[in-house]
Amino acid sequence: MAKTIMVVDDSASLRQVVGIALRGAGYEVIEGSDGKDALSKLTGQKVHLIISDVNMPNMDGISFVKALKQLPAYKFTPVIMLTTESQEAKKAEGQAAGAKAWVVKPFSPEVMLNAVQKLILP
């Protein structure tokens with residue numbers, strides 16, 4: 001059974017690019033258009049990893065990760081931030097919220113898949 005990864009980004013084209021790379025590697029992908037949309041779609045199903053942008057409307061990625069970690073079903077779900085943000089202060093904020101890795105856009109699919117393989121839950 002394929003592992004499930006949620007991709008959260010307000011850019012539909014970015015979600016599509018990431019989704020193609022993940023599906024090509026054998027993962028199932030569900031999508032959220034921002035933090036609020038992603039939280040509404042997390043209804044207790046098993047999600048093995050989450051990839052989230054930082055800068056999004058309605059609910060940004062840092063707020064999303066903080067809210068996610070308050071949900072018992074997703075408290076230990078690893079999160080990779082995939083973002084244009086490269087400032088150390090922002091990275092520290094993401095880590096404090098619960099993000100486990102930080103991949104800066106533009107990114108290569110190999111770098112992203114490498115981070116996924118290191119962090120995805122069994």
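**Close-up views of a predicted model**

**View 1. Val-103 and its contacts.** Not counting residues up to four places away in sequence, Val-103 touches Ile-80, Met-81, Leu-82, Thr-83, Val-111 and Ala-115 (contact means heavy atoms within 4.5 Å). The model is predicted: local features need pLDDT of at least 70, side-chain atom pairs count only at pLDDT 80 or more, and totals for chains, interfaces and linings use all residues. Residues are numbered from 1 along each chain as its sequence is written, and side-chain values use heavy atoms, with hydrogens and water left out. Val-103 is found in strand 5 (helices, H or I of at least four residues, and strands, E of at least two, are DSSP runs numbered from the N terminus). Val-103 is buried, with a relative accessible area of 7% (buried means under 20% relative accessible area, exposed over 50%, partly exposed in between, with a 1.4 Å probe and protein chains only). Gly-61 lies 42 residues from Val-103 along the chain; their C-alpha atoms are separated by 13 Å.

View 2. Strand 5 pairs with strand 4 (residues 79-83) in the parallel sense over 4 bridges. Leu-82 has Val-103 as its bridge partner in strand 5.

**View 3. Helix 1 against helix 5.** The axes of helix 1 and helix 5 (residues 109-119) are 10 Å apart and pack at an angle of about 60°. That makes helix 1 oblique to helix 5 (angles under 35 degrees count as roughly parallel, over 145 as roughly antiparallel, 65 to 115 as roughly perpendicular and the rest as oblique). From helix 1, Val-18, Ala-21 and Leu-22 meet Pro-109, Met-112, Leu-113 and Val-116 of helix 5. This contact has 7 nonpolar residues, no polar and no charged (Ala, Val, Leu, Ile, Met, Phe, Trp, Tyr, Cys and Pro count as nonpolar, Asp, Glu, Lys and Arg as charged, and the others, Gly among them, as polar).

**View 4. Helix 3 beside helix 4.** Helix 3 (residues 61-68) and helix 4 (residues 88-97) have axes that come within 8 Å and cross at roughly 15°. Helix 3 is therefore roughly parallel to helix 4. Ile-62, Val-65 and Lys-66 of helix 3 meet Lys-90, Glu-93, Gly-94 and Ala-97 of helix 4. By class, 3 nonpolar, 1 polar and 3 charged residues form this contact.

Conventions: Axes are lines fitted to C-alpha atoms, for helices over the stretch in contact, and angles run from 0 to 180 degrees between N-to-C directions. Two strands pair if DSSP finds at least two bridges between them.
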